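Work through the exercises below with the sequence and the 3D view open. Try each task before reading its solution.

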Amino acid sequence: MSMPSPPKQVNVTVNGRKYSGDAEARTLLVYFLREELGLVGTHVGCIVGKCGACSVMLDGRLVKSCLLFAQQADGAEILTVEGLASGQELHPIQEAFWEQHGLQCGYCTPGMLLATYSLLQDVPDPSEEEIREGISGNLCMCTGYVNIVRAIKAAAQKMMPPPQKAGRTKGPAAATAGPTSTSSSSSSSPSARQAGPLNSRGRSKKKQQQKRS
Amino acid sequence: MRLSRSSSSPSKKTYLLWGPRTAGSISIMIPRPFELHTPTSISEAANLLRELKGAKVLAGGQSLVPLMKLRLISPANLVDIGKIPGLSYIRREEEDGGEKERGARRRRRAAAPGDRLLIGSMTTHHEVAASPSVVGGCRPLSEAAGRIGDRQVRNRGTIGGALCHADPAADVPTAAVAMDAEFRVVGSSRERTIKAKDFFKGVNRTSLHSGEILVEVRVPVLSPRSGGAYVKLARGMNDLATIGVAAAITLGEDGACEQVRLALAGAGPTPVRAARAEEVLTGRAPTDELVAEAADEAAGMSLVVDDIRGSAEYKREMVKVYVRRAVKQSLGRISLG
């Protein structure tokens, strides 16, 4: 076997910031992000490309960063989970996962958030089937898929452009306006379960967002 | 850069998981050290492959990288063709640059049978699946590409990579065999064209010589009065096919099948063309009974074996079911206008 080549410098833009670091040929992008750049939000799960925990956006496309050598990403623009929130302000997708309990242990969450980000770019208003297909490359070992799907639906509504958003938010509002029927649809019951600090905080976030826009 | 914080010997760092292909636990690791070459032209890549014995081509890496991490293969040299410009495209043959003059003359005609789609080997599965010209002209291929892996894999995996990996349970090779695709391959000294039926030689084996690179896939566009489909039985959403069937059918004016093309994934060491099933249908009106008869023929000739995806007996039954579905779906898509 020939001698392995020495590490090469890899330049990437991650979450809008330029980074450079050294990577051996065999260094996977996920390890480069975590260990060389210190961006540990991207998780290492199965390492054989099955679980999706390491998903990042590479030049605008969702990829598994464990199926890519760091040197292949030289010159690329990368979005990781750290780049979703702006300052203290959570991204609407993150808010939706928080409000809808779209995570249990949280290990798959960085990948799930980015898979959602990519899905909603392609399909702004996905059906449940499209959501499930869209996150089929991301495994949740807690099997919390019901709430994850719910969170993605909620995220889609949050991210709708204003005119459609107004039309959309009427739906759930109208449903909750009639609380006389205690056996309301299954989709509205979980939000009832979450009544309390989380919900109120979520709502205040929403207000802030509306103020901003 | 250090790959491991704790271990003094990074290459010994191992992780445990339950393996998809073996019972019990298997060790998986970071790949063995290798040298990564990034040529910027085909000829440079071909020369590298000729000089470096045993070097592997890295395309999208969605099959190769896992194999290297599992250390099932450990090439000393990888030739990354991802930085070579001009290998990612989908276009009609007429638009081909080399034949501009004749192309201009030909373009006046409407899409005729015999037209072909040219697909660059580094075109991703997502691009193939989403391309209107592939969906419109070669439905089995677009559907096969759309059923590969998941979003992440389709965004990165390439049509050329899937073909050269030559997994007999893979979707795209089966569609290519059904569609009578041709592959343009370039070596360091010459280029040649290989027909899909001559390309696949066994499990993960192709007729590519060492040093040759697949650069273009040429797929005939389905003629009018044709329909095609790719249907797949898989464990979960992301696995290779337990059984996959690619079908393309052309009906004559009299309602009889003029041309029938059927290929099976997961039913032999290579994609299998179900010739006897095609013969049953060709020249006759595709009644339910006849389609069932063709499906039985396909099951009879398939070389299914027991493996992790199911028993041979089960797969043989599924060949019948999925051939029927593929044929019916194809027939349903034929517009007789």
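## Exercise 1: the cores of chain B

Task: In this predicted model, find which residues touch the most other members of the largest nonpolar core.

Solution. 
- Step 1. The largest nonpolar core has 38 residues. Leu141(B), Leu163(B), Phe183(B) and Val217(B) touch the most other members.
- Step 2. Look for the main contributor. Helix 9 of chain B, residues 171-178, gives the most to this core, with 5 residues.
- Step 3. Now take Val217(B) and set aside its neighbours within four places in sequence. The remaining contacts are Leu117(B), Leu118(B), Ile119(B), Ile159(B), Leu163(B), Ala181(B), Glu182(B) and Phe183(B).
- Step 4. Move to the second core. This separate set has 35 residues, including Leu281(B), Ala298(B), Met301(B) and Tyr322(B).

## Exercise 2: helix 13 of chain B

Task: Compare the span of helix 13 of chain B with the expected one, then list its buried residues and find what covers them.

Solution. 
- Step 1. Helix 13 runs over residues 312-332, 21 residues in total. From first C-alpha to last it reaches 30 Å, close to the 30 Å expected at 1.5 Å a residue.
- Step 2. Buried means under 20% relative accessible area. In helix 13 of chain B, that picks out Ala312(B), Lys315(B), Met318(B), Val319(B), Val321(B), Tyr322(B), Val323(B), Ala326(B), Val327(B), Ser330(B) and Leu331(B).
- Step 3. The cover over these residues includes strand 13 (226-233), strand 14 (243-251) and strand 15 (257-265) of chain B. Helix 11 (275-281) and helix 12 (288-301) of chain B are also among the covering elements.

## Exercise 3: where chain B meets chain A

Task: Describe the interface of chain B and chain A, then examine Lys64(A).

Solution. 
- Step 1. Count residues. 47 residues of chain B contact 45 residues of chain A.
- Step 2. Take the area. The two chains bury about 3900 Å² between them, with 57% of it on carbon and sulfur atoms.
- Step 3. Count polar links. There are 13 residue pairs in polar contact across the interface, both at pLDDT 80 or more. Salt bridges number 3.
- Step 4. Pick one salt bridge. Lys64(A) pairs with Asp150(B), and the closest N and O atoms are 2.7 Å apart.
- Step 5. Lys64(A) sits in strand 4 of chain A, residues 61-64. Is Lys64(A) buried or exposed? Its relative accessible area is 2%, so Lys64(A) is buried.
- Step 6. List its surroundings, leaving aside neighbours within four places in sequence.

Definitions and conventions:
Residues are numbered from 1 along each chain as its sequence is written. Chains are lettered from A and ligands numbered from 1 in the order in which they are written. This is a predicted model: local features need pLDDT of at least 70, side-chain atom pairs count only at pLDDT 80 or more; totals for chains, interfaces and linings use all residues. Side-chain values use heavy atoms; hydrogens and water are left out. A nonpolar core is a set of buried Ala, Val, Leu, Ile, Met, Phe, Trp, Tyr and Cys residues joined through side-chain atoms within 4.5 Å. Buried means under 20% relative accessible area, exposed over 50%, partly exposed in between (1.4 Å probe, protein chains only). Helices (H or I, at least four residues) and strands (E, at least two) are DSSP runs, numbered from the N terminus. Contact means heavy atoms within 4.5 Å. The expected span of a helix is 1.5 Å times one less than its number of residues. Buried area is the accessible area (1.4 Å probe) that two parts lose on being put together, summed over both. A salt bridge is a side-chain nitrogen of Lys or Arg within 4 Å of a carboxyl oxygen of Asp or Glu. A polar contact is a pair of N or O atoms within 3.5 Å; within protein, one must be able to donate a hydrogen and the other to accept it, and residues adjacent in sequence count only if both atoms are side-chain atoms.
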